[in-house]
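Grab a pencil and work through a few exercises on the model shown below. Try each task before you read its solution.

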Amino acid sequence: MKHKSGIKVMALVVALSAVAAMISACQGAAGPQGPAGPQGPQGPSGATPSAPAPKVKALGAETPVAAYPAGVQLQLVGLADEFRIKYSITLVNATDRDLGNITITVPLPSESRFYELATTPEGAALKGKPESSVEWTLGKLAARTSLGPFEYKISVPKQTAGPASAKAQWELPNAGSVSAAGLDFSKIAVNLPKRGCTACHELRDNKTGAVTIAYEAMERGGPNHPGLPFDTTVSTCLTCHKPGTGDREGKGAVAPLMLRDIVHPAHLNSPSFTGTYKGNCFTCHNVDGKGNFTLLGEKSKTDFRGIPDEAPVKSIPPSEGK
Ligand code: HEC
Ligand code: HEC
Ligand code: HEC
């Protein structure tokens, strides 16, 4: 029983860190809810060898966590993070005996390069210099405790890298080892980068319309903002917020301001946009062959670098060019 609840706590920790990221995306003076938080990392992979596997609810996915007979688990999570792939490893000792003289060995996935060490928990030490694998040593892991995350980052010179794996060995109270199940590159939660308005501004609350762009318009636009259906696209915003002409030169065609004059500063000055989402010009734009900054109105499918999965890229030509 103890064993089972230990696993649940770990799953919760992973889930909570996703919630924390969501909260930090929700800052705002007037207090409107922020757009969707980044996708959480994939749930921990199961340890081998496998015994009857209790199902553990992690991040909405039923992740089977195999129960190691001695109750020691090694959890491995991968997360695409700013062009690099970060692997996090946690060692869980759910037994009632202390483990001693522990080594955690994490071979670098094939087709990957060691980039940097991200986290070494207190009490652990890096062994040697990471070349073909990253190794940490640890004097002791007390009964019913866990230690982590051990984290390192790789860069991926090609389109994908091979699967990740991790192994922990200990000498005390008697020699033993445990491995994390191989983690396939395609299973790594890719939470960055996002491209296209609806990659972040999706409908999350049927009552208020949060956090669609229509919701943003009505929250930020104030009580006089025209009412808009929650599925309003950016093309509709532009009917009023495109650049005006004649005596409306430099203003919105109908609205006081052009959309660019609203969204450029509101995003690029927002710590949620630049921090949590690592947003930049290419979050909303593509640049076409004539040098036009076309607009990504819809969420576009990309790989971990933000490179589109489909061509031509669906984007809206600039208002002036129409
Ligand atoms: C990568 C995520 C992301 C994408 C993509 C994105 N936004 Fe945002 N947007 C944000 C965040 C974060 C905020 C909240 C800023 C704050 O309050 O800190 C925001 C706020 C806004 C606001 C409120 C501005 C104000 O007046 O404060 C509008 C309007 C908006 N977005 C429209 C858009 C449009 C239109 C697009 C597509 C062209 C878009 N956003 C794409 C993350 C995103
Ligand atoms: C029918 C015309 C119309 C449409 C469509 C429209 N707006 Fe507006 N918008 C306005 C007007 C008018 C105002 C000024 C409201 C005021 O000052 O009371 C405004 C103001 C705003 C503001 C406040 C800017 C500021 O000064 O802080 C934001 C943000 C905004 N609109 C975003 C949007 C977005 C995003 C969309 C599309 C989802 C959109 N609007 C669609 C007419 C429109
Ligand atoms: C939150 C989304 C968003 C981000 C981020 C963003 N833009 Fe824009 N940008 C827009 C919108 C919306 C328009 C207005 C499009 C229209 O009126 O047709 C626009 C218009 C433009 C235009 C005019 C279009 C053209 O080709 O004439 C340029 C240039 C531009 N943006 C450059 C940038 C640059 C450079 C950055 C990064 C520093 C940036 N944008 C970041 C949403 C964004």
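A residue counts as near a molecule or strand if its C-beta atom, placed from the backbone, lies within 6 Å of it. Heads-up: this is a predicted model, where local features need pLDDT of at least 70, side-chain atom pairs count only at pLDDT 80 or more, and totals for chains, interfaces and linings use all residues. Residues are numbered from 1 along each chain as its sequence is written, while chains are lettered from A and ligands numbered from 1 in the order in which they are written.

**Exercise 1.** Work out which residues and elements surround ligand 3.

Step 1: the shell holds 19 residues, with Cys281, Cys284, Phe293, Pro318 and Ser319 the closest.

Step 2: At least two residues each come from α5 (259–268), α7 (281–284) and β15 (293–295). With six residues, α5 has the largest share.

Step 3: sort by class, where Ala, Val, Leu, Ile, Met, Phe, Trp, Tyr, Cys and Pro are nonpolar, Asp, Glu, Lys and Arg charged, and the others, Gly among them, polar. You get nine nonpolar, seven polar and three charged residues.

**Exercise 2.** Do the count for ligand 2, and find which element gives the most to its shell.

Step 1: 22 residues surround ligand 2, and the closest are Ala217, Asn224, Cys237, Cys240 and Ala255. Two or more residues come from each of α3 and α4 (234–241).

Step 2: the top contributor is α3, with six residues.

Step 3: the classes come out as twelve nonpolar, eight polar and two charged.

**Exercise 3.** Explain why ligand 1 lies between domain 1 and domain 2.

Step 1: around ligand 1 there are 27 residues, the closest being Cys197, Cys200, Arg220, Ala266 and Ser270.

Step 2: α2 (197–200), α3 (213–221), α5, α6 (271–276) and α7 each supply at least two of the shell residues.

Step 3: domain 1 (2–190) and domain 2 (197–321) both contribute to this shell, so ligand 1 lies between them. The domain bounds come from an automatic or database domain assignment.

Definitions and conventions: Helices (H or I, at least four residues) and strands (E, at least two) are DSSP runs, numbered from the N terminus.
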